[in-house]
Amino acid sequence: MFQQRQKRVMIPTQKKKTNPRRKRAKGRRKRLNMNIFMLCEQARSPSPEIEFDNLENFVMEPAPQGVTVKCRVTRDQRGVDKSLYPLYYLHLDNAKKTFLLAGRKRKKCATSNYLISIDATDLSRGGENFVGKLRSNLMGTKFTIFDNALNPERALPDLSNARQELAGIIYETNVLGMKGPRRMTVVIPGMDKNNERVPLRPRNDCDGLLIRHQYRKMDNLIELHNKTPVWNEETASHVLNFNGRVTQASIKNFQIVHSKDVDYIVMQFGRIADDIFTLDFKYPMCAVQAFAIALSSFDGKMACE
């Protein structure tokens with residue numbers, strides 16, 4: 001029983017009223033949970049050895065089949081404006097802490113817009129290290145991930161040099177105003193017979209991933225969802241089994257699965273310290289997709305929570 005509980009991490013939900021008689025018991029339970037988190041921290045397994053010659057190719061290509069790429073996301077909020085526009089870094093969670101990606105929210109944009117770069121010091125839109133971006137709708141409930149190619153309005157007529165849409169993310173609107181686990185859907189392009197991503201280059205916003213998903217035009221698309229947490233009566237919280245990779249409760253903790261195989265975790269993300277998170281992903285997802293999905297979870301969502 002203890003071994004099973006140490007692998008789970010709570011997800012905060014709406015607080016329930018308790019009588020004074022139960023407060024002491026809750027305090028003991030909280031101390032026990034902290035010990036469990038420490039055991040998980042010690043048991044967190046590192047990423048397998050991964051080598052690559054070209055960083056840009058590696059972060060854009062799907063993860064190797066049969067391999068879980070284990071990473072760590074660090075949020076840097078130090079500085080005058082970084083509390084509003086933090087820097088985010090993605091490293092392999094191994095002894096070398098190999099750098100993969102950096103991201104930052106752009107200033108003076110009508111909607112949330114994040115740039116993603118393969119250089120931790122160059123996060124400019126026109127820089128040669130720019131590899132993708134994440135853009136939200138006005139409500140902050142839907143996001144689209146793009147690569148670094150041209151806007152279709154400036155691309156060639158055949159769209160051969162137009163940007164690809166790498167993923168669409170949908171957060172379910174919270175119409176009741178009750179706090180609880182987020183519900184999200186992720187739509188990514190499908191894979192061809194060579195296990196390569198099918199390119200999706202919409203001519204305009206009316207033909208993108210989110211519109212195709214809305215009208216159920218799902219050819220060459222893969223629909224994923226966050227795994228539903230289980231309610232734990234003893235801790236009065238929602239829990240998920242992160243196998244020791246996540247150690248702190250957070251509403252941002254989630255796992256992404258396919259409805260036909262909920263045991264195959266395509267991606268998982270969760271907190272291990274105030275500004276440190278683990279991010280693990282598998283085929284058919286790539287590092288840019290996974291990192292951008294994680295960035296979307298940091299963005300404020302008044303309509304969802």
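Visitor: What volume does the largest cavity have?
Guide: Bearing in mind that this is a predicted model, the largest cavity has a volume of about 90 Å³.

Visitor: You mentioned Phe 254; which ring does Phe 254 pair with in a tilted arrangement?
Guide: Phe 254 forms a tilted aromatic pair with Phe 269, with the centres 5.7 Å apart and an angle of 35° between the planes. Phe 254 belongs to strand S13 (residues 254–257) and Phe 269 to strand S14 (residues 267–273), so the pair ties together parts that are 15 residues apart in sequence.

Visitor: Are those two buried or exposed?
Guide: Both Phe 254 and Phe 269 are buried. For Phe 269 the relative accessible area is 0%, and buried means under 20%.

Visitor: Which edge-to-face partner does Phe 269 have?
Guide: That partner is Phe 298, at 5.7 Å centre to centre and with 85° between the planes. This pair links distant parts of the chain, since Phe 269 is in strand S14 while Phe 298 is in helix H5 (residues 287–298), 29 residues apart. Phe 298 is also buried, with a relative accessible area of 12%.

Visitor: Which residues make up the aromatic cluster around there?
Guide: One aromatic cluster is formed by Tyr 88, Phe 254, Phe 269, Phe 277 and Phe 298. In the whole structure, a search finds seven aromatic pairs.

Visitor: Which charged end sits over the ring of Phe 146?
Guide: The charged end of Arg 163 sits over that ring, 4.1 Å from its centre. Phe 146 itself is found in strand S7 and is buried, with a relative accessible area of 2%. Leaving aside residues up to four places away in sequence, Phe 146 touches Val 131, Gly 132, Lys 133, Arg 135, Arg 163, Gln 164, Glu 165 and Leu 166.

Visitor: What about Lys 282; which ring does its charged end sit over?
Guide: The charged end of Lys 282 sits over the ring of Tyr 264, 4.9 Å from the ring centre.

Visitor: Changing topic to the backbone, where is there a cis peptide bond?
Guide: A cis peptide bond joins Tyr 283 and Pro 284, with omega at about 10°. Pro 284 is placed in the loop between strand S15 (276–281) and H5.

Visitor: And what is phi for Lys 108?
Guide: Lys 108 has a positive phi of about 60°, although this residue is not a glycine. Lys 108 is in the loop between strand S4 (99–105) and strand S5 (113–117), and is exposed, with a relative accessible area of 85%.

How values were computed:
Residues numbered from 1 in each chain as written. Predicted model: local features only at pLDDT ≥ 70, side-chain atom pairs only at ≥ 80, totals over all residues. Heavy atoms only, no water. Phe/Tyr/Trp six-rings, centres within 6.5 Å; stacked < 30°, edge-to-face > 60°. Helix = DSSP H or I, 4+ residues; strand = E, 2+ residues; numbered from the N terminus. Buried < 20%, exposed > 50% of the residue type's maximum accessible area, 1.4 Å probe, protein only. Lys NZ or Arg CZ within 6 Å of the ring centre and 35° of its normal. 1 Å grid on protein atoms, 1.4 Å probe; cavity = no way out; pocket = protein on both sides within 12 Å on 5 of 7 lines; lining within 4 Å. Points joined across faces, edges and corners; volume = space filled by probe spheres on them. Contact = heavy atoms within 4.5 Å.
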